[in-house]
Amino acid sequence: MNKALSILISVLVATVVVIGLAIVGSPSEQRMLSLDKTRVKDLRKISSNIEGRWNRSEELPSELQVLVDGIHMESLPLDPETDQPYEYQARDSASFDLCGTFALPSEPAKDSSFWAHPEGRHCFEFELDPDQSSDEDSN
């Protein structure tokens with residue numbers, strides 16, 4: 001009787017663990033999702049600072065380090081996994097790209113916004129308009 005009860009409890013525990021992993025994802029998948037959320041947050045912060053600078057001076061920075069002024073930005077965010085800087089490229093006087101490398105594609109149901117991204121390297125394209133107010137989610 002005790003042996004049968006022990007087997008039943010073991011099977012139930014294993015079932016709950018498997019169902020939990022299926023619903024929530026594995027710990028490594030959760031880690032990758034967390035890293036990608038941080039990447040999007042970092043890129044939002046950088047884009048907001050670039051747009052703020054552009055709104056003040058109508059000039060895009062030549063490089064991201066220019067944004068670190070101790071007032072608007074204390075330091076540049078780095079990729080949380082590699083500690084490398086994010087990529088930035090001014091395309092012309094009012095447009096630029098910000099790029100990051102993502103571990104997983106964003107979830108379509110949750111990220112149908114501007115910040116949706118595939119797995120791997122992805123660049124977000126920004127077009128600034130002097131007649132339009134800055135809104136980081138409307139690019």
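Colleague: What makes C99 and C123 a disulfide?

Modeller: This is a predicted model, and in it the two sulfurs, one from C99 and one from C123, sit 1.9 Å apart. The cut-off is 2.5 Å, so the pair qualifies as a disulfide. By that rule the count comes to one disulfide.

Colleague: Why is the link of C99 and C123 said to tie together parts that are apart in sequence?

Modeller: Look at where the ends are: C99 is in strand β2, residues 95-102, while C123 is in strand β3, residues 120-127. The parts it joins are therefore 24 residues apart in sequence. The link is right-handed, by the way, with 105° about the S-S bond.

Colleague: How do you know whether C99 is buried or exposed?

Modeller: Its relative accessibility is 5%. Buried means under 20%, so C99 counts as buried.

Colleague: And what is C123 called, going by its relative accessible area?

Modeller: C123 comes to 24%. Buried stops under 20% and exposed starts over 50%, so C123 is partly exposed.

Colleague: How much of the chain is buried?

Modeller: Buried residues are 31% of the 139 in the chain. As for the layout, there are two helices and three strands, running α-α-β-β-β from the N terminus.

Colleague: Which residues of the largest nonpolar core touch the most other members?

Modeller: I46, I50, L64, F96 and L98 do, out of 21 residues in that core. Helix α2 (27-57), β2 and β3 each supply at least two of the core's residues, and α2 gives the largest share, with five.

Colleague: Which residues does L98 touch?

Modeller: Leaving aside residues up to four places away in sequence, the contacts of L98 include I46, I50 and L64, and also C123. A contact needs heavy atoms within 4.5 Å.

Colleague: Why is E58 called exposed?

Modeller: Its relative accessibility is 51%. Exposed means over 50%, so E58 counts as exposed.

Colleague: What about D83, buried or exposed?

Modeller: D83 has a relative accessible area of 54%. That is over 50%, so D83 is exposed. D83 also has a positive phi, about 60°, although it is not a glycine, and its place is in the loop between α2 and β1.

Definitions and conventions
Residues are numbered from 1 along each chain as its sequence is written. This is a predicted model: local features need pLDDT of at least 70, side-chain atom pairs count only at pLDDT 80 or more; totals for chains, interfaces and linings use all residues. Side-chain values use heavy atoms; hydrogens and water are left out. Helices (H or I, at least four residues) and strands (E, at least two) are DSSP runs, numbered from the N terminus. Buried means under 20% relative accessible area, exposed over 50%, partly exposed in between (1.4 Å probe, protein chains only). A nonpolar core is a set of buried Ala, Val, Leu, Ile, Met, Phe, Trp, Tyr and Cys residues joined through side-chain atoms within 4.5 Å.
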